[in-house]
Amino acid sequence: MVNILITGSSGYLGENLILKLFKQKKYKITGIDIKPNKKTEGLIRFVNADISNGEALKQNLNNIDVICHCASLLHRVEYNTKESFKSTNIDGTMNIYNLAKENGVKKIVLTSSVGAISMDLRNQKWPVNENHISDPNNFGVSPYHYGESKKSQEHIAKTFADKFNIQTIVLRPPAFFAVEDDHEIGFRLTGSYAVVDDIANAHVAAIDLLLDKQKSESINKFEIIFITNNLPYKDSDKRLIRDGKMRKIVSKYWPEGSKFIFELGYKRAIFSGVYDLSKAKKILNWEPSFNFNEWYNYCKEKNLTFENRKQKWKKKKSLKHKIFRFFSKIKKRFD
């Protein structure tokens, strides 16, 4: 059986990836994390270790065929600092690559992020492809350091690919989540988000490619690939977005679904730009299967109307309107 090492095995992505790989019954999986995961207990050989501690990793990279390096601190955790991002994301990645070199591991899938480049691509030509070069931008201290650490991870991977022939596929996902009966999920999918099932499938595709001798030899030793949700927005649509408000652009492409989502009170989505997914399709034969259309159909099939949320928004909207009219009348009296 093929031996796979997954770092960050107890994390959200690691857990979902392990469950998919285990079902294929052709991999012997070793997971490394700072804590175990009950959902994967018994499915893998678990190593309780911190990737920032190189000594703790040494004995666990023997006879490994491919590494899927998912371990990372996330930007959403407020107390993460520049030093903690360096320790886990940068130093940890350096440890993984150094030990891979020492143990003869020649295949790595690295989970990076769209945050490795600027999260404000609205002024760039859409769709943005993997050749775009920019620095992570500072949306607060933590997100900035997160993006910088992801950029450093990619630099480490390229250095080891060039110097030591360690073939790496770098995957750049956005933030991702599970499909749940949650009204907020739909609006996320009009912006830069994805579902975890699609992201895990992209990792499986990358692993399978690296283990296929003929296919792996047909690509470069270092490849970066965007794996985001599929947005239909065109470059000419930029004029439809004002101050982050997505109403016009969403209404253009999903007239029925947009009415449904706007009745819930959503106006803005985290939207960094449109990413080119053609490379993912060409190299990995992957594309996202769950986008806004699928979410809207999912709600219809399950008869999810989110009436409580809708009524709350109507009341809030009505109150805002009353306040606006009240102050408008006062203003007129003084004019």
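I take buried to mean under 20% relative accessible area and exposed to mean over 50%, with partly exposed in between. I am working from a predicted model.

**Entry 1: Lys267 and the positive patch**

I looked up Lys267 first. Its relative accessibility is 34%, so I log Lys267 as partly exposed. Lys267 sits in the loop between helix H9 (255–262) and helix H10 (278–284). I then checked for charge around it. Lys267 belongs to a surface patch of positive charge, together with Lys245, Arg247, Arg268 and Lys316.

**Entry 2: the nonpolar core**

Next I went inside. The largest nonpolar core holds 38 residues. Which of them touch the most other members? I noted Phe187, Tyr233, Met246, Val250, Phe271 and Trp295. I also asked which elements build this core. Helix H5 (183–188), strand S8 (193–195), helix H8 (247–253), H9 and helix H11 (292–301) each provide at least two of its residues. H11 gives the most, with five residues.

**Entry 3: salt bridges**

I searched the whole structure for salt bridges and got 19. Side chains of opposite charge can pair when their charged atoms come close.

Arg122 pairs with Asp120, and their closest N and O atoms are 3.0 Å apart. Arg122 is partly exposed because its relative accessibility is 31%. Asp120 also comes out at 31%, so Asp120 is partly exposed.

Glu184 pairs with Arg188, with 3.7 Å between the closest N and O atoms. Why are these two about one helical turn apart? They are four residues apart in helix H5, which means a separation of about one turn. Glu184 has a relative accessible area of 34%, so I call Glu184 partly exposed. Arg188 has a relative accessibility of 22% and is partly exposed.

Glu263 pairs with Lys259, the closest N and O atoms being 2.8 Å apart. Glu263 is partly exposed at 29% relative accessible area. Lys259 is exposed, because its relative accessibility is 54%. I followed the shared partners onward. They join Lys259, Glu263, Glu307 and Lys310 into one salt-bridge network.

**Entry 4: Asn63**

I checked Asn63 next. Buried or exposed? Asn63 is exposed, because its relative accessible area is 64%. Asn63 lies in the loop between helix H2 (54–57) and strand S4 (66–69). I also took its distance to Leu5, which is 58 residues away along the chain. The C-alpha atoms of Asn63 and Leu5 are 9.9 Å apart.

Most residues other than glycine have a negative phi, and most peptide bonds are trans. I went looking for exceptions.

The peptide bond from Trp126 to Pro127 is cis, with omega near -5°. Pro127 is in the loop between strand S5 (107–111) and helix H4 (141–164).

Asn303 has a positive phi, near 55°, and is not a glycine. I found Asn303 in the loop between H11 and helix H12 (307–334). Asn303 is exposed, because its relative accessibility is 61%.

Phe306 has a positive phi near 55° and is not a glycine. Phe306 is placed in the loop between H11 and H12. Is Phe306 buried or exposed? Its relative accessible area is 14%, so I log Phe306 as buried.

Methods
Residues numbered from 1 in each chain as written. Predicted model: local features only at pLDDT ≥ 70, side-chain atom pairs only at ≥ 80, totals over all residues. Heavy atoms only, no water. Patch = residues over 30% accessible without salt bridge, like charges linked within 9 Å, V, L, I, M, F, W, Y side chains within 5 Å. Areas by Shrake-Rupley, 256 points an atom, 1.4 Å probe, with all protein chains shown as cover. Salt bridge = Lys/Arg side-chain N within 4 Å of Asp/Glu carboxyl O. Lys, Arg positive; Asp, Glu negative; His and termini not counted. Charge placed at Lys NZ, Arg CZ, Asp CG, Glu CD. Buried < 20%, exposed > 50% of the residue type's maximum accessible area, 1.4 Å probe, protein only. Core = buried A, V, L, I, M, F, W, Y, C linked by side-chain atoms within 4.5 Å.
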